[in-house]
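Welcome, and thank you for taking a look at this protein with me. Let's walk through it together, one stretch at a time.

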Amino acid sequence: MAAVDWTKLPKDLLNLISQRINDEVDLIRFQSVCSTWRSSSVPNHHPISPFKFPLLKFPFLSDPNDIDTINSNNNTLFCYLTKQNLYLIQPPQQQQEEQRLLRPWLVGVGQNAHGQPKYFHPVNQDCSFVVHSVIDHNTLSVLHMGSTYFIMDIDVKINRQLIISQEYMYPKKVVAVTCHGKTPLVVGMLAFPPYPLLLKCGDEDWKVIPDMSMKFEDICVFKGRPYAIDEIGKTIMIGPDSSVHLVAEPLVGGGNIKFLVESEGDLLLSEAYDCLSIDLNDPVRIDLFKLNEKEKKWVKLTSLGDRVLFLGLGLVYSFSVSASDLCVSKGNCIIFESMSSERELYVLDLDDGQLSLFYDNPEYSNLFWLPRTWIRARYQVC
């Protein structure tokens, strides 16, 4: 039987196939097959990205009903957000077996204007990697760590001098999911007091999350739904109809900086106690909790086991990964970025409380940089 040349498939058929691929890792692999498949696939059929998010002026709403001014004012300024995924890309299995010291690559992946993958440093968004040839993701292990949204453009209806001034409030973090088929549900947390949460489902008007008087600390996607936590630990889930559901009562006491992290099917809460503006001589305390969905409360977690938590990388990425997938010697560690002016990355070993600089740790230091031993590329600063 003669071999089939899959590169000769009709472009219309390839385009239809690519439209039915819902998983973004699978779409990247589809585009890795050959140039014909890559050019015939849809550049970005994600039903949400890119989308508009309102830019509000100071001072923010004293009355949540004032949100109506956003929905009714044609001169409201918007920014446009585009999706970026974070992947852990591991070398081909054959190379792994031949060289046990090969490290994986932790990288942000978006798309350029032509629908081709674009690779970003996960912490320094000004740094992107230019790959000389298309990476064949079909020979690699690609683990999806999480997603976030970045500002790619600003509506220029208003004088640009106003845009670059300090009178507009940009979103600190945005998550988006689909509900009722392909209806987008967008939830965004503003980066300025009183740190409100805005949401919008499909073509509906923007809303402010009700009954949350405290400032919001973090938002994430868990089991396909947006979750949010405020500064006292009260946690909510937003349903597909924009309804708000309490999933955890407030904590007693607790740290002043909170991160929500999905880990192996559980939702974890990491609480930091004034330790994100530190140096190596300062004591560090980070408490961990796991959500008990049935009892609607956070339960203290004593160990992460084999897991390593990354908290707020680039101020947006929080995720969990096994030590074996990272090719590091042990788990039960937390990687976090300080809030100091230097924005250092630290590694906290929860077993002994030891704190070390990320880039001084040989097991982690090259994790964000392109592995030249198995991918040929150069990097550039945009």
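Let's begin with Tyr 168, which is buried at a relative accessible area of 5%; here buried means under 20% relative accessible area, exposed over 50%, and partly exposed in between, using a 1.4 Å probe and protein chains only. Tyr 168 belongs to strand 7 (residues 168-169). Helices (H or I, at least four residues) and strands (E, at least two) are DSSP runs, numbered from the N terminus. Between the C-alpha atoms of Tyr 168 and Leu 77 there are 8.9 Å, although 91 residues separate the two along the chain.

Before going further, a word on the model: it is predicted, so local features need pLDDT of at least 70 and side-chain atom pairs count only at pLDDT 80 or more, while totals for chains, interfaces and linings use all residues. Residues are numbered from 1 along each chain as its sequence is written, and side-chain values use heavy atoms, with hydrogens and water left out.

Now look toward Ser 18, a residue of helix 1 (residues 11-19). Ser 18 counts as buried because its relative accessibility is 0%. Its C-alpha lies 7.6 Å from that of Phe 30, a residue 12 places away in sequence.

Next comes a hairpin, made by strand 12 and strand 13 with two residues between them. In the turn, Lys 223 has a positive phi of about 55°. Strand 12 (residues 216-222) and strand 13 (residues 225-230) pair in the antiparallel sense over six bridges; two strands pair if DSSP finds at least two bridges between them. Asp 218 has Ile 229 in strand 13 as its bridge partner. Strand 12 is also mostly covered, with six of its seven residues buried.

Follow the chain to Ser 242, in the loop between strand 14 (235-238) and strand 15 (244-248). Is Ser 242 buried or exposed? Ser 242 is buried, because its relative accessible area is 8%. Beyond its neighbours within four places in sequence, Ser 242 is in contact (heavy atoms within 4.5 Å) with residues including Leu 185, Cys 201 and Lys 207.

Our last stop is an open sheet of four strands, in the order 16-17-18-19, with antiparallel pairing. Strand 16 (257-263) and strand 19 (297-301) are the edge strands, each pairing on one side only. Inside this sheet, strand 17 (residues 266-272) and strand 18 (residues 286-292) are joined in the antiparallel sense over five bridges. There, Ser 270 stands opposite Leu 288 in strand 18.
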